[in-house]
Amino acid sequence: MDVTPLIPEGRQVIESYGEGRFRIAGTLHRGSVIVFPERTLAWPLSDIGELTPESLDTVAAARNSVDVVLLGCGAKMTLIPRLLREKLRAAGIVVEPMDTGAACRTFNVLLSEERRVAAALIAVD
């Protein structure tokens, strides 16, 4: 029995990650990315220490189509700045920090459930 979730064509399924890159919907992306259900954007962060409240302006601007953003912090989860959490909350978006691998897997599950999700993913080696 096939248990593969049915995901509409054109969705940005995260197929793999590691070695500083991601394979998303058949396309290789080097470095960190922000993934929405319908598009993937380069994200100019290489370490969670570079994260600022402005780092997720692209996600905040998508507040009409995103309820939660999964923040892939790299190899391990870390706390995020209070100002960043408050800025996203003001836009109606919940931020969930976790390690990048967990964020990739969770994104795919929520995508298959047709949830309003985005993932901001720090690339890992």
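Biologist: Which side chain meets Asp 67 in a salt bridge?
Modeller: Keep in mind that this is a predicted model. In it, a side-chain N and a carboxyl O come to 3.0 Å, and a salt bridge needs them within 4 Å. So the pair qualifies, and the partner of Asp 67 is Arg 116.

Biologist: How many residues apart in sequence are the parts that this pair ties together?
Modeller: Asp 67 sits in the loop between helix 1 (57–61) and strand 6 (68–72). Arg 116 is in the loop between helix 3 (100–112) and strand 8 (117–121). The pair therefore links parts whose separation in sequence is 49 residues.

Biologist: And Arg 82, which residue does it form a salt bridge with?
Modeller: Look in helix 2 (residues 82–90), which holds both partners. They are 4 residues apart, about one turn of the helix. Their closest N and O atoms are 2.9 Å apart, and the partner is Glu 86.

Biologist: Is Arg 82 buried or exposed?
Modeller: Its relative accessible area is 56%. Exposed means over 50%, so Arg 82 counts as exposed.

Biologist: What about His 29, buried or exposed?
Modeller: His 29 lies in strand 3 (residues 27–30). Its relative accessible area is 18%, and the cut-off for the buried class is under 20%. So His 29 is buried.

Key: Residues numbered from 1 in each chain as written. Predicted model: local features only at pLDDT ≥ 70, side-chain atom pairs only at ≥ 80, totals over all residues. Heavy atoms only, no water. Helix = DSSP H or I, 4+ residues; strand = E, 2+ residues; numbered from the N terminus. Buried < 20%, exposed > 50% of the residue type's maximum accessible area, 1.4 Å probe, protein only.
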